[in-house]
Amino acid sequence: MIQAVVHIALVVKDYDEAIDFYTKKLHFELVEDTYQPEQNKRWVVVSPSGSNGTTILLAKASKPEQEPFIGNQAGGRVFLFLGTDDFNRDFEDMKRRGIEFVREPAAQEYGVVAVFKDLYGNLWDLIQFSQSHPMLHRVK
């Protein structure tokens with residue numbers, strides 16, 4: 001049996017500002033942007049550059065009860081984890097591009113990590129796994 005988590009839905013306020021943030025600030029690739037007339041919405045998928053793993057579906061809040069979750073998908077916890085093969089390169093580039101880090105880089109047993117906010121305030125880890133960590137091969 002082969003299965004995979006294909007998309008993670010991320011509730012956003014606006015498709016275009018979210019695309020702009022992810023593609024220009026984080027260097028993600030725009031995988032798909034398709035209008036779905038039957039539901040009057042867009043199917044917008046982004047992915048970290050060079051990744052062929054799980055993608056992010058940018059899902060515009062379409063009901064008032066969805067709006068409070070914009071920027072608070074995980075109740076204030078780190079929600080998503082962006083693995084890198086070169087922490088310092090990506091950390092410095094993200095800072096130059098105006099990404100707000102709320103926790104500075106720290107060496108941990110599992111690797112080097114810092115916490116940043118996306119455009120709506122969701123918390124992310126930027127992480128480079130140590131050579132002995134079982135997740136290392138997923139970022140190579």
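Trainee: What should I know about the model before starting?
Mentor: It is predicted: local features need pLDDT of at least 70, side-chain atom pairs count only at pLDDT 80 or more, and totals for chains, interfaces and linings use all residues. Residues are numbered from 1 along each chain as its sequence is written, and side-chain values use heavy atoms, with hydrogens and water left out.

Trainee: What is the strand order in the open sheet of 4 strands?
Mentor: The order is β5-β8-β7-β6, with mixed pairing. Strands here are DSSP runs of E with at least two residues, helices are runs of H or I with at least four, and both are numbered from the N terminus. Two strands pair if DSSP finds at least two bridges between them.

Trainee: Which strands stand at the edges?
Mentor: β5 (78–83) and β6 (101–108) do; each has a single partner strand, so one side of each is left without a neighbour in the sheet. On average, neighbouring strands are turned by 20° against each other, direction ignored.

Trainee: How many bridges join β7 to β8?
Mentor: There are 7, between residues 111–117 of β7 and residues 123–129 of β8, and the two strands run antiparallel. As one example, V115 has D125 in β8 as its bridge partner.

Trainee: Which strands does helix α2 touch?
Mentor: Helix α2 (residues 87–96) packs on the sheet and touches β6, β7 and β8, where contact means heavy atoms within 4.5 Å. The direction of α2 makes about 170° with that of β6; axes are lines fitted to C-alpha atoms, for helices over the stretch in contact, and angles run from 0 to 180 degrees between N-to-C directions.

Trainee: Changing topic, what is the volume of the largest pocket?
Mentor: About 1000 Å³. A pocket is an open set of points on a 1 Å grid over the protein atoms alone, where a 1.4 Å probe fits, with protein on both sides within 12 Å along at least five of seven lines; lining residues have an atom within 4 Å of a point. A volume is the space filled by probe spheres set on the points, which are joined across faces, edges and corners.

Trainee: Which residues are closest to its centre?
Mentor: Of the 31 lining residues, P48, S51, F81, L82 and G83 are the closest. The largest share of the lining, 5 residues, comes from β5.

Trainee: And what lines the second largest pocket?
Mentor: Its lining has 14 residues, with Y15, K41, A59, K60 and S62 nearest the centre. β4 gives the largest share of that lining, 4 residues.
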